[in-house]
Each structure stands twice: as C-alpha cells, then as structure tokens.
Amino acid sequence: MANAKNERTFIMVKPDGVQRGVVGDVLHRFERRGYKLVALKMIQAPKVLLESHYAEHKGKKFYEPLLTYIGSGPVVAMVWEGLNIVSVGRKMLGATDPAKSEPGTIRGDYGIVTGRNIVHGSDSETSAQREIDLWFRPDEINQWPHTAEKWIY
Ligand code: RTP
Ligand code: MG
C-alpha cells in the first residue's frame with residue numbers, strides 16, 4: 001500500500017443534514033467503507049467556535065451567511081480514523097458545490113446548492129488536526145480495536 005497513511009479526519013453533519021435526517025446515512029457510509037469512529041457528539045456550536053473553525057474564510061462574501069447556516073441548529077461532529085481517511089473522506093463527501101458532486105457521494109445524493117451542502121470534511125491532515133483539537137477534548141477521543149485492521153487493510 002504505497003503512500004497509505006493512517007490518519008484522522010474531522011467530519012461534521014451540518015444543520016441541514018441533521019434536520020433532513022441523514023446523520024445515520026453519513027455514519028453508515030463511513031462505517032461500511034471500513035473506517036473507525038473514534039469520537040462523536042451533537043452540539044449547537046457557539047459563534048466563537050464557528051468563527052475559529054471557518055477562520056480561513058473570514059472576509060469572503062459567503063462567510064457571514066455560512067456562520068448563520070452552521071449556527072442555525074445542532075450539528076453532529078465526528079472524528080474518523082483509517083488509511084488515507086482525509087482524502088478518501090473528501091471524495092465520499094463530493095464537491096463543495098453539490099451540483100458538481102458525482103451521484104453516489106453524500107452531497108451528490110442529497111444536495112443541490114453550495115450554501116446547503118450537508119456535510120463538512122477536513123481538507124488536509126493539518127486542517128484535520130486543527131479541527132479535531134477545536135471540537136473535541138483529548139478525553140473525548142476513543143481508542144478501541146477495529147476489525148478493519150485485520151480484514152480490510
Ligand atoms: P467544508 O469546509 O464545509 O467541508 O467545505 P469545502 O472544504 O468543500 O468548501 P470551503 O471552500 O471550505 O467552504 C466552506 C463552506 O462554505 C460554504 N460556501 N458557500 N456560497 C458560496 O459561494 C460558498 N462557498 C462556500 C459551503 O457550505 C462550504 O462547504
Ligand atoms: Mg473547507
């Protein structure tokens with residue numbers, strides 16, 4: 001497995017995904033792919049947390065609407081672990097604009113517009129580490145044995 005790396009990523013079902021009832025499907029997709037869930041919580045994110053999470057977009061036209069959208073209801077925040085999870089996770093989510101996402105991806109199956117795109121996924125290992133540290137305390141991240149290590153890899 002050249003270039004395969006065991007990684008963690010931060011995945012979040014956004015308020016539209018929670019309200020449309022797709023949390024179970026998002027979990028199921030990552031589970032059946034063979035990834036390991038190591039942290040999970042439902043949270044109504046305070047504005048300061050969202051400002052920090054989306055700091056890279058501060059000043060852009062969509063920044064304020066984005067904070068309003070993600071702060072409009074509870075989200076389901078998760079940490080997933082496994083080989084190449086950052087890049088594979090982004091592929092499973094689909095393109096930022098659901099209209100450009102392939103059918104079979106989460107956004108491609110559930111979304112139509114960028115401003116309501118169901119899920120978030122870290123875009124790099126550096127972002128993943130930053131986002132995991134932002135949303136979870138170290139004692140909220142679980143270590144447990146998963147059959148993927150034997151039967152999938
Ligand atoms: P995300 O961070 O949520 O996983 O999405 P992404 O990497 O695919 O996209 P990013 O460029 O980081 O944008 C963050 C989120 O901002 C909203 N957005 N709206 N109206 C617009 O032009 C626009 N552009 C971005 C989306 O909710 C996007 O996921
Ligand atoms: Mg992003």
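Student: How many bridges join E1 to strand E4, residues 119–121?

Tutor: Strands of a sheet pair through backbone hydrogen bonds, either parallel or antiparallel. Strands here are DSSP runs of at least two residues, and helices are H or I runs of at least four, numbered from the N terminus. Two strands pair if DSSP finds at least two bridges between them. In this case 3 bridges join E1 to E4, and the two run antiparallel. Ile11 has Gly121 of E4 as its bridge partner, and Met12 stands opposite His120 in E4.

Student: What kind of model is this, and how are residues numbered?

Tutor: This is a predicted model: local features need pLDDT of at least 70, side-chain atom pairs count only at pLDDT 80 or more, and totals for chains, interfaces and linings use all residues. Residues are numbered from 1 along each chain as its sequence is written, while chains are lettered from A and ligands numbered from 1 in the order in which they are written.

Student: How many bridges join E1 to strand E3?

Tutor: E3 covers residues 75–83 and is joined to E1 by 8 bridges, again antiparallel. Phe10 has Val79 as its bridge partner in E3.

Student: In what order do the strands form the sheet?

Tutor: The order is E2-E3-E1-E4, an open sheet of 4 strands with antiparallel pairing. Strand E2 (36–43) and E4 each have a single partner strand, so one side of each has no neighbour in the sheet.

Student: Is E1 mostly covered or mostly uncovered?

Tutor: A residue is buried if 20 or more other C-beta atoms, placed from the backbone, lie within 10 Å of its own, exposed if 12 or fewer, and partly exposed in between. Strand E1 (residues 6–13) is mostly covered, with 6 of its 8 residues buried.
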